[in-house]
Amino acid sequence: MIAADQVLLGRDTLVAATGHHPYARHALWRDREAWGWRRDGAVGWLLPPEHGPAGGALGAAGPALDVFAGLVADGTLHSGQWLHLPRTDPAEVAGRLTVARLDEWDFLWTTTAPPVQPEEERVVRLTEADHPALAALIEEAFPSTTSRPGDPRVVDWYGIRDGDRLVACGADRSRGDIGFLAGLTVAPDRRGRGLGAALTAGMTRALLARHDQVALGVYTVNVGAIRLYRRLGYTGTEPRTSVHLG
């Protein structure tokens, strides 16, 4: 049972409660049920099992952690599920939850088209016929990513080819009502040549043709990537802590 100031039912109600925050617009899919709460400056939600993460929150970290700790204690949440929280001190999280893994990352967004990048014209939309090449590139260049060919969260794949070889790729995971880039990677032997900037700029431009905002996630320790994304216009920031429950 949740001790909350206000129970919030439905996606539109939850998004409105966050002030239409880009993260909520991304995390709360239009075709999925959601319910949540408002408590002491935090807005949180739970999602259906097939969605992926079990829940998330925006706003004050302490009240959000209090609610999720209560949901673990009463059996609503359990080991193996993911929670996406406002940035929270790892020691505080470990004191309230059993943590199998904790990631600190930044949700970045833009509302403006990026500066045109060299080689950007090489960015193309890929097809199902490219899935074997995508799988091979991802396994070589970014094996830790959760974005893979066949992932139901992925709307489209984009890439850059050098002749017949796929040398860069990224996923369009726009399942909410803003654009979202994921799994951006470049072949190890082609890094340092501007292909990452070209891929990000090309995909951002394509998604801004369909959405008013485009976002992506990046690990906080990846300062080089963050510097690149800032240069391409991703100036909105929401620091996040993701917890895999043990």
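**Exercise 1.** Is Thr-241 buried or exposed? Determine this for the predicted model, and then describe the surroundings of Thr-241.

*Solution.* 
Step 1. Locate the residue: Thr-241 belongs to strand S12, which spans residues 236–245.
Step 2. Apply the cut-off: a residue is buried if its relative accessible area is under 20%. Thr-241 has a relative accessibility of 0%, and therefore counts as buried.
Step 3. List the contacts. Apart from neighbours within four places in sequence, Thr-241 is in contact with Leu-83, His-84, Leu-85, Pro-86, Arg-87 and Thr-88, and also with Leu-102, Asp-103 and Glu-104.
Step 4. Examine the side chain: that of Thr-241 reaches the backbone nitrogen of Thr-88 at 3.0 Å.

**Exercise 2.** Which elements give two or more residues to the largest nonpolar core, and which residues of this core touch the most other members?

*Solution.* 
Step 1. Identify the central residues. The largest nonpolar core has 26 residues, of which Ile-160, Leu-181, Leu-184, Leu-199, Leu-216, Tyr-229 and Tyr-234 touch the most other members.
Step 2. Assign the contributing elements. Two or more residues come from each of the strands S8 (156–162), S9 (165–172), S10 (179–186) and S11 (214–219), and from each of the helices H6 (195–208) and H7 (223–231). The greatest contribution is that of H6, with 8 residues.
Step 3. Follow one member. Leu-184, with neighbours within four places in sequence left aside, is in contact with Phe-142, Cys-169, Gly-170, Leu-199, Thr-200, Met-203, Leu-216 and Tyr-229.

**Exercise 3.** Why are the buried residues of helix H5 on the same side of the helix?

*Solution.* 
Step 1. Name the residues: in H5 (residues 131–141), Leu-134, Leu-137, Ile-138 and Ala-141 are buried.
Step 2. Consider their directions. These residues lie on the same side of H5 because they cover an arc of only 100 degrees around the axis.
Step 3. Recall the general rule: an α-helix has 3.6 residues a turn, so residues three or four places apart point the same way.
Step 4. Find the covering elements, which include S8, S9 and S10.

**Exercise 4.** How are the rings of Phe-107 and Trp-109 arranged, and what kind of pair do they form?

*Solution.* 
Step 1. Begin with the whole structure, in which a search finds 7 aromatic pairs.
Step 2. Classify the pair. The ring centres of Phe-107 and Trp-109 are 6.0 Å apart and the planes stand at 45 degrees, so the pair is tilted.
Step 3. Consider accessibility: Phe-107 is buried at 0% relative accessible area, and Trp-109 counts as buried at 16%.
Step 4. Phe-107 and Trp-109 belong to one aromatic cluster with Tyr-23, Trp-45, Trp-105 and Phe-180. Over the ring of Tyr-23 sits the charged end of Arg-240, 4.0 Å from the ring centre.

**Exercise 5.** Two loop residues are to be examined: is Asp-40 buried or exposed, and is Gln-213 buried or exposed?

*Solution.* 
Step 1. Asp-40 is in the loop between strands S2 (35–39) and S3 (42–46), whereas Gln-213 is in the loop between H6 and S11.
Step 2. Judge accessibility. Asp-40 is exposed, with a relative accessible area of 51%; Gln-213, with 12%, is buried.
Step 3. Asp-40 is in contact with Asp-5, Ala-60 and Pro-63. Gln-213 touches, among others, Pro-22, Trp-109, Ile-178 and Leu-208.
Step 4. The C-alpha atoms of Asp-40 and Ala-60 are separated by 7.3 Å, while the residues are 20 apart along the chain. The side chains of Gln-213 and Arg-25 are joined by a polar contact of 2.7 Å.

Key
Residues numbered from 1 in each chain as written. Predicted model: local features only at pLDDT ≥ 70, side-chain atom pairs only at ≥ 80, totals over all residues. Heavy atoms only, no water. Core = buried A, V, L, I, M, F, W, Y, C linked by side-chain atoms within 4.5 Å. Buried < 20%, exposed > 50% of the residue type's maximum accessible area, 1.4 Å probe, protein only. Helix = DSSP H or I, 4+ residues; strand = E, 2+ residues; numbered from the N terminus. Contact = heavy atoms within 4.5 Å. Arc of directions from axis to C-beta. Polar contact = N/O pair within 3.5 Å; in protein donor to acceptor, adjacent residues only side chain to side chain. Phe/Tyr/Trp six-rings, centres within 6.5 Å; stacked < 30°, edge-to-face > 60°. Lys NZ or Arg CZ within 6 Å of the ring centre and 35° of its normal.
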